[in-house]
There are 2 protein chains.
Amino acid sequence: MHKIDDMDVRILGQLQRDGTLSIDSLAERVHLSRNACWRRMKNLEERGFIRERVAILDAEAAGCGLSVFIFVRTANHDPDWLGKFRAAVSGFPEIVGVYRTSGDLDYILRARVSGVKAYDRLYQRLIAKVPLSDVSASFVMEEIKETTSIPLSEMVGGAG
Amino acid sequence: MHKIDDMDVRILGQLQRDGTLSIDSLAERVHLSRNACWRRMKNLEERGFIRERVAILDAEAAGCGLSVFIFVRTANHDPDWLGKFRAAVSGFPEIVGVYRTSGDLDYILRARVSGVKAYDRLYQRLIAKVPLSDVSASFVMEEIKETTSIPLSEMVGGAG
DNA sequence: CGTGAAACAGACCGACC
DNA sequence: GGTCGGTCTGTTTCACG
């Protein structure tokens, strides 16, 4: 397991809040010299703590303001079906998340579409590619919280 | 509504895949000159199409490899409760998404924790802050797909 | 929209304490 | 870990066609 200290956590915390930070302003915020900060950042990148740097677009402006959670319950567990399912969901850019879960549901999907009609079209295209029984959907009426920042409190000094 | 053309869509698509792209490589990929590409990018930023640029961290490496969906159904709809609920979920960094939804469920939450024990602690702290009845959770066994990229097909030329 | 150029900031990377 | 100083890359604006 990688060893991380408090300073690394602070650097990661800043970068996941604002990826445009220059080395100088980052160093200033975490109270470190420019070079030491740069060395740590490179190290964290190499060790895989930083997976990617991306631009987060405004979904509303981009015309896909409707977020939908899709719940799939299936009795069908043969590998052939699963392969088709994986291939299908991977091919839809509207489907932004697919999770196999414990509990009542087998799969939870999240999609971004322009509206209810676009969702129905997505649904029709999906079930045409892979047989799905027991599908239900919840439309997001309001995004109360949504962040790409993961909690870093567990990384260091935590009581476990 | 803002007017966007195919070239803008291509620029946004590249940036949401890789936010580290320099103007030169971005211009090359979308087949535009450096300067024209820069002008369009600035314009898109000013118009709010690009909400933020962030680093996406590796949740596993960061010690919060367990993703949980939490489903809340409530009969309690008074504004006082809702205010407390909003304040509570906003205060927990482990809770990375909160959505008010249509359908059977009232709220869907997503949390990132280190494990089942950490989830239980989060749950206890949450219900201590705000009364919740009818809560259920699904633990993510496998992330089949997860992306911050939103579909851009709807933006231009789409049949709507 | 394209080009070129100039000015500036920032990233990168050694050497050294 | 901090400092110095260098080079190189990239950004940001010009002016002009």
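Modeller: The questions below concern a predicted model, and each answer sets a value against its criterion.

Colleague: What makes chain A more spread out than a compact globule?

Modeller: Chain A contains 5 helices and 5 strands, in the order α-α-α-β-β-α-β-β-α-β from the N terminus on. Its radius of gyration is 20 Å, whereas the globule rule gives 15 Å for 160 residues; the value is well over the rule, so chain A is more spread out than a compact globule. The C-alpha atoms of chain A fill a box of roughly 55 × 35 × 25 Å along the principal axes.

Colleague: Into which domains is chain A divided, and how far apart do their C-alpha centres lie?

Modeller: Domain 1 of chain A covers 6-46 and domain 2 covers 66-139. Their C-alpha centres lie 38 Å apart.

Colleague: Which residues surround DNA strand D, and why are they called near?

Modeller: Residues of chains A and B surround DNA strand D, among them A:N35, A:R39, A:R40, B:R34 and B:W38. They are called near because a heavy atom of each lies within 4 Å of the strand. The surface near DNA strand D divides into 4 nonpolar, 4 polar and 4 charged residues. At least two residues of this surface come from α3 (34-46) of chain A, and at least two from α3 (34-46) of chain B.

Colleague: How do you know that A:N35 makes a polar contact with a base of DNA strand D?

Modeller: The criterion is a pair of N or O atoms within 3.5 Å. An N or O atom in the side chain of A:N35 is 2.7 Å from a base nitrogen of DNA strand D, so the pair meets the criterion. For the side chain of A:R39, the distance to a base nitrogen of DNA strand D is 3.3 Å, and this pair therefore also qualifies. A:R40 places a polar side-chain atom 2.7 Å from a phosphate oxygen of DNA strand D.

Colleague: Which element gives the most to the surface near DNA strand C?

Modeller: That element is α3(B), with 4 residues.

Note on methods: Residues numbered from 1 in each chain as written. Chains lettered and ligands numbered in written order. Predicted model: local features only at pLDDT ≥ 70, side-chain atom pairs only at ≥ 80, totals over all residues. Heavy atoms only, no water. Polar contact = N/O pair within 3.5 Å; in protein donor to acceptor, adjacent residues only side chain to side chain. Nonpolar A, V, L, I, M, F, W, Y, C, P; charged D, E, K, R; others polar. Domains from an automatic or database assignment. Rg over C-alpha atoms; globule rule 2.2 N^0.38 Å.
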